[in-house]
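Reader: Hi! I'm new to this one, could you walk me through it?
Author: Happy to, let's have it on screen while we talk.

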Amino acid sequence: MMVLMISSDRKVFEKDSAVRRRMIEYGGITDELHIVVFSRRIGNRESGIRNEKIAKNVFVYETNSFSRWFYIFDAIRIGKNVISKPHTLNPRPWLVTSQDPFEAGLAGWRIARAFSAKLQIQIHTDFLSPYFAGESILNKIRVLIAKFILPKADCVRVVSRRISDSLTANSYEPKAVPVVLPIFVDMEKIQNTSPAFDLHKKYPQFDRIILMASRLSKEKNIGLAISAMSKVIKKYPRSGLIIVGSGPEENALKLKAMSYKLTANIVFEGWQNDILSYYKTADLFLNTSNYEGYGLTLLEAAVSGCPIVTTDVGIASELKKNGADVSACPVGDEACITENILKNFSTPKGHKLPWNPPASLIESSKSEYLKKYSESWQK
């Protein structure tokens, strides 16, 4: 099968990124994989498309758009150009897969319709959460776009049962039953990797260390964690919050930490490659997101043996139901978050044994996962 993917994940252009490796693996289950990535033109870079071959049958193109408002039109133009060119002596059917039901979904639908190709829509975020639409006017428009696009998709992939249930509860009716298939996580690697460092040795001033690993953006609501931290240090003044990640809210969050006089207790570390060492040496993992489609960090922390306090988003409820050490609070409930952090700190320090996820939550092998990924195009 020939596959055209519409994506907004620019990490595919980074040579050592997990996203790039994942796309190369997906290429192994296709005749050819062509990925069109939304991107803005930077500075005086020449007009046109940057084409890159990242594997023998995997090709990446950036839209190089003047602004985000041109993403859809540029992606349609590039996608049509890709499909209209001869590719093999024995042409295969085309599948167009869009990595969201919003702008990428619109572009994918227009391309698929022009060539009578099969259309798959992927859903990676819980866009039917009221917090998603309440975040911006653009998100309200995206919810409407999704309601238009989803009934036109030949197959739909969602990354969690929460999203699938939300579609049903809100009367969104795709042609086909959504396939629940999260991103593959190598559980054996997580469990068998020894930490390269210890956060307690790196930050000896802290008796208890809380870890957050997240993009610093509005929907992650990290400000709630900072506010909760101001209550925690009243009882545990030598506790620390380590925030791994970067994003548009970084400066505002640093100012908030200053306003609460927490600069000695909160450390912003930026993005880190070795996140497993953080999970395995922190005392607690904290997540305060307003919504998540899946919540990969929750799964990674649980498998690493790190207790979790989180808002009830993504797979939090599934983890708790299946025996992981998870305390789940209503979204935005600072009192509940604070109470559960203090409850965790009242117990002796030390990780519990790593949690083993059931087969219903994760695939046992990469080959089995890729097989199911390929099958999701056929549903």
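Author: We'll talk about a few strands, then the cysteines, then some salt bridges. Keep in mind that this is a predicted model.

Reader: Good to know. Let's begin with strand E12: which way do Leu 284 and Phe 285 point, and are they buried or exposed?
Author: Strand E12 covers residues 284-287, and Leu 284 points one way together with Leu 286. Phe 285 points the other way, as does Asn 287, and all four of these residues are buried.

Reader: And how does E12 pair with strand E9?
Author: In the parallel sense, over two bridges; E9 is made of residues 208-213. If you look for Ile 210, its bridge partner in E12 is Leu 284.

Reader: What about E13, how many bridges join it to E12?
Author: Three, and those two strands run parallel as well. E13 spans residues 308-311, and its Ile 308 stands opposite Phe 285.

Reader: What kind of unit do E12, helix H12 and E13 make?
Author: A right-handed β-α-β unit, with H12 formed by residues 296-304.

Reader: Nice. Changing topic: how many disulfides are there?
Author: The count comes to one disulfide. Cys 329 and Cys 336 form that bond, with their sulfur atoms 2.2 Å apart.

Reader: Is it left-handed or right-handed, and why?
Author: Left-handed, because the torsion about the S-S bond of Cys 329 and Cys 336 is about -75°.

Reader: Are Cys 329 and Cys 336 buried or exposed?
Author: Cys 329 counts as buried because its relative accessibility is 1%. Cys 336 has a relative accessible area of 15%, so Cys 336 is buried too, as the cut-off is under 20%.

Reader: OK, on to charges. How many salt bridges are counted?
Author: The count comes to 12 salt bridges. One of them is between Arg 20 and Glu 52, whose closest N and O atoms are 2.7 Å apart.

Reader: Where do Arg 20 and Glu 52 lie?
Author: Arg 20 is in helix H1 (residues 18-27) and Glu 52 is in strand E3 (residues 51-55), so the pair ties together parts that are 32 residues apart in sequence.

Reader: Which residues are linked in a network of salt bridges?
Author: Arg 68, Glu 103 and Arg 142 are linked that way. The side chains of Arg 68 and Glu 103 meet at 3.5 Å, N to O. Arg 68 sits in the loop between strand E4 and helix H2, while Glu 103 belongs to helix H3 (residues 103-115), 35 residues apart.

Reader: Last one: how exposed are Arg 68, Glu 103 and Arg 142?
Author: Arg 68 counts as partly exposed, with 35% relative accessibility. Glu 103 counts as buried at 13%, and Arg 142 is buried with a relative accessible area of 16%.

Reader: Thanks, that helps!

Notes
Residues are numbered from 1 along each chain as its sequence is written. This is a predicted model: local features need pLDDT of at least 70, side-chain atom pairs count only at pLDDT 80 or more; totals for chains, interfaces and linings use all residues. Side-chain values use heavy atoms; hydrogens and water are left out. Buried means under 20% relative accessible area, exposed over 50%, partly exposed in between (1.4 Å probe, protein chains only). Helices (H or I, at least four residues) and strands (E, at least two) are DSSP runs, numbered from the N terminus. Two strands pair if DSSP finds at least two bridges between them. A crossover is right-handed if, with the strands pointing away from the viewer, the path from the first strand over the helix to the second runs clockwise. A disulfide is a pair of cysteine sulfur atoms within 2.5 Å. A salt bridge is a side-chain nitrogen of Lys or Arg within 4 Å of a carboxyl oxygen of Asp or Glu.
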